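Below are some notes for a colleague who is opening this structure without having seen it before.

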Amino acid sequence: MTQLRSTTPGARSAWVDLTLSNEAYHAGPGISKSSLDLVARSPLHYWEKKIGPRKEVAFDTAAMRLGTLAHLAILEPELLGTSVVVAPEVNRRTKAGKAEYDAALEEAAANGLQLVPRKDLDTVVEMRRAIGKHRLASELLKGGTREGSFFWTDEMTGQLCKCRPDLIDKERRFAIDLKTTTDASPDAFKRSAAKYRYGVQAAWYSDGAGECLGYTCVDTFVILAVESVPPYGVALYELGQDWIMTGQMM
């Protein structure tokens, strides 16, 4: 564990772990922004998904897998070649094709690798290339702390809280969240911002960064939206202090 800062001498009341995997972060304890979304719907929904006997079992959709792969390709490109292996292009509806695919999947798991379709790998490489061509987006991605797991204890409730910003730049005072989408236009962003409560996310990440790295270290929360289909459009949306304050109220 890498502890960048503790708010209370001798106590780990706030810290950043740079070694924790994404899977371990999501499986571990702590109130996250997704927890807030559930309880905002109703306490019963939170109990059902997080506490009750039918609490959710982790599952992946094709879109989620592509999003995870895109994060790796764009935010941690140096790890892409050592983290994934291309799946064989076989007809899995046939006995021979299914056997070949299952063998490749088993071998990948044994080596700690993720088996990905060639088309998905090609897609995320195109997305990375599109961001590289975007002058401001590529500049914002230089520097900062990437994929750190932030933990802190809420003073009022004593609850362990957590967030995992895609990138936080303390020197330039902003955080970035990468969103993969099929439509990065302003109209689509407005709909997504309301549906997925981006203001709450901005406030939650701002609070986490403040607790772990020093108060008011994030002035701006930036959504970096990149399309997963040609022409792989890229857009930046800045959520400033008005968004953060509204999100904190929510």
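1. A salt bridge here is a side-chain nitrogen of Lys or Arg within 4 Å of a carboxyl oxygen of Asp or Glu. Arg 54 and Glu 48 make such a pair, with their closest N and O atoms 2.8 Å apart. This is a predicted model, in which local features need pLDDT of at least 70 and side-chain atom pairs count only at pLDDT 80 or more, while totals for chains, interfaces and linings use all residues. Residues are numbered from 1 along each chain as its sequence is written, and side-chain values use heavy atoms, with hydrogens and water left out.

2. Burial is given as relative accessible area: buried is under 20%, exposed is over 50%, and partly exposed is in between (1.4 Å probe, protein chains only). Arg 54 is exposed at 62%, and Glu 48 is partly exposed at 24%.

3. A second salt bridge joins Lys 119 and Asp 120, at 3.3 Å from N to O. Lys 119 is exposed, with 57% relative accessibility, whereas Asp 120 is buried at 15%.

4. Where do Glu 147 and Arg 164 sit in the chain? Their side chains meet in a salt bridge of 3.4 Å, N to O. Glu 147 lies in the loop between strand S4 (145-146) and strand S5 (149-153), and Arg 164 in the loop between strand S6 (160-163) and strand S7 (167-169), so the pair, 17 residues apart, links distant parts of the chain. Strands (E, at least two residues) and helices (H or I, at least four) are DSSP runs, numbered from the N terminus. Glu 147 is buried, with a relative accessible area of 9%, and Arg 164 is buried at 10%.

5. Lys 33, Asp 37 and Arg 197 are linked in a network of salt bridges. The count of salt bridges comes to 12.

6. The chain has 11 helices and 10 strands. Its radius of gyration (over C-alpha atoms) is 19 Å, close to the 18 Å that the globule rule gives for 250 residues, so the chain is as compact as a globular protein of that length. That rule is 2.2 Å times the number of residues to the power 0.38. The C-alpha atoms fill a box of roughly 60 × 45 × 35 Å along the principal axes.

7. Of the 250 residues in the chain, 41% are buried. Among contacts (heavy atoms within 4.5 Å) with a separation of 6 or more, 63% are between residues 24 or more positions apart.
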